[in-house]
Amino acid sequence: MAVTISPAPADSPPPVRDRRRQVIAMGLWAVLFVAGWLVIGLPTDPLYAFGWLWTATIAWRIERPWRSHLGFARDWLPVVLLLVGYNLSRGFADNGATPHVLELVAADRWMFGWATGGEVPTVWLQQHLYDPDRVHWYDVLVSWVYFSHFVVSLTVAVVLWLIARPRWAAFMRRWVFLSLAGLATYFLYPAAPPWWAARYGLIEDVVRISTRGWKAIGMHGAGNMLNVGQVAANPVAAMPSLHTAFALFVVAFFLNSVRKRWWPLLLAYPLAMTFTLVYSGEHYVIDVLVGWAYVGLTFLAVGLGERWWARRKAAEPPANAPPVSPPAPTPH
């Protein structure tokens, strides 16, 4: 999918920013956003999230004419359509076939069984940390980390769209490639998560607890849309884990532009996502590792494609260059 960038007209100087109007607009947006997540739910649906992101850019650039805000819809429409198609197509990924489970269980037991008494890490973590009668502080943190998957990469992309359009285009090329690679794998290798395996008696009891933490802090409606999406989503789209893949992708995209002393802080995010997914019953560790491998493949493939395209463009003569005349014959 090609991501187009439309530069602003050269004869349109940027308007003078009105800080007071901007603060009022962003404050109003924040109030409406909080009200929306308490009543409707946190924005995990692509169209719902798109609406909040678009209105955030409008509030941030409130001094601009309304026509200029249509540029966001133009640039982001392909992304939204991809997200909608991605969510719809995942439901057909299993094609009625029996999903892969036993090899994933065997892989996790082979890697960690020596430390977990032969159990997969999800079962071991829930045996030691999960309390059906009490929501701990880490359950709340797990719910927030799990939700962050639905907004972090898109929020980063919106910020790049506002301040660095070429970087935004590079970010989205990798984002699209990673999404399509994961979707293709869901069709080629439908795999079920730990909670599904436990439901059919293939492993010990596992409870799907990725959204229970919000209730502990009174946000009973925060997970409404996510819970509905989990019911409707394809239950055999576990391999690879795109949740942890996108967490690592967002961090890896900026590693070269930040000082190394900040790397541990940034890398804590994909590690927190890994714990969240394994503990909550959403993924095996092998799903996470394959997701990380997909991130490496994405940067390699897209980077090679960009360098090939740059060489191809550099080899092309300028469009307004005069034709090259053949050399005159040398007189004898």
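Two residues are in contact when heavy atoms of theirs lie within 4.5 Å. In this predicted model, Thr244, Ala245, Leu248, Phe249, Ala252 and Phe253 of helix H11 meet Val288, Gly291, Trp292, Val295 and Phe299 of helix H13 in this sense. The residues of this contact divide into 9 nonpolar, 2 polar and no charged.

Two packed helices are described by the angle between their axes and the distance between the axes. The table gives both values for two pairs of helices.

| Helix pair | Angle between axes | Distance between axes |
|---|---|---|
| H11 and H13 | about 40° | 8 Å |
| H1 and H2 | about 160° | 8 Å |

Angles over 145 degrees count as roughly antiparallel, and H1 and H2, at about 160°, are therefore roughly antiparallel to each other. The angle of about 40° between H11 and H13 makes this pair oblique. H1 passes H2 in a right-handed crossing, and the crossing of H11 and H13 is right-handed.

Which residues of the largest nonpolar core touch the most other members? Of its 37 residues, these are Trp76, Trp168, Phe171, Trp175, Leu178 and Phe249. At least two residues of this core come from each of H2, H3 (70-90), H7 (152-163), H8 (165-188), H11 (242-255) and H13 (285-315), and H8 gives the most, with 11 residues. Apart from this core lies another, of 17 residues, which includes Leu104, Val123, Ala191 and Ile286.

Conventions:
Residues are numbered from 1 along each chain as its sequence is written. This is a predicted model: local features need pLDDT of at least 70, side-chain atom pairs count only at pLDDT 80 or more; totals for chains, interfaces and linings use all residues. Side-chain values use heavy atoms; hydrogens and water are left out. Axes are lines fitted to C-alpha atoms, for helices over the stretch in contact, and angles run from 0 to 180 degrees between N-to-C directions. Helices (H or I, at least four residues) and strands (E, at least two) are DSSP runs, numbered from the N terminus. Angles under 35 degrees count as roughly parallel, over 145 as roughly antiparallel, 65 to 115 as roughly perpendicular and the rest as oblique. A crossing is left-handed if the near helix is turned anticlockwise from the far one by less than a right angle, and right-handed if clockwise. A nonpolar core is a set of buried Ala, Val, Leu, Ile, Met, Phe, Trp, Tyr and Cys residues joined through side-chain atoms within 4.5 Å. Buried means under 20% relative accessible area, exposed over 50%, partly exposed in between (1.4 Å probe, protein chains only). Ala, Val, Leu, Ile, Met, Phe, Trp, Tyr, Cys and Pro count as nonpolar, Asp, Glu, Lys and Arg as charged, and the others, Gly among them, as polar.
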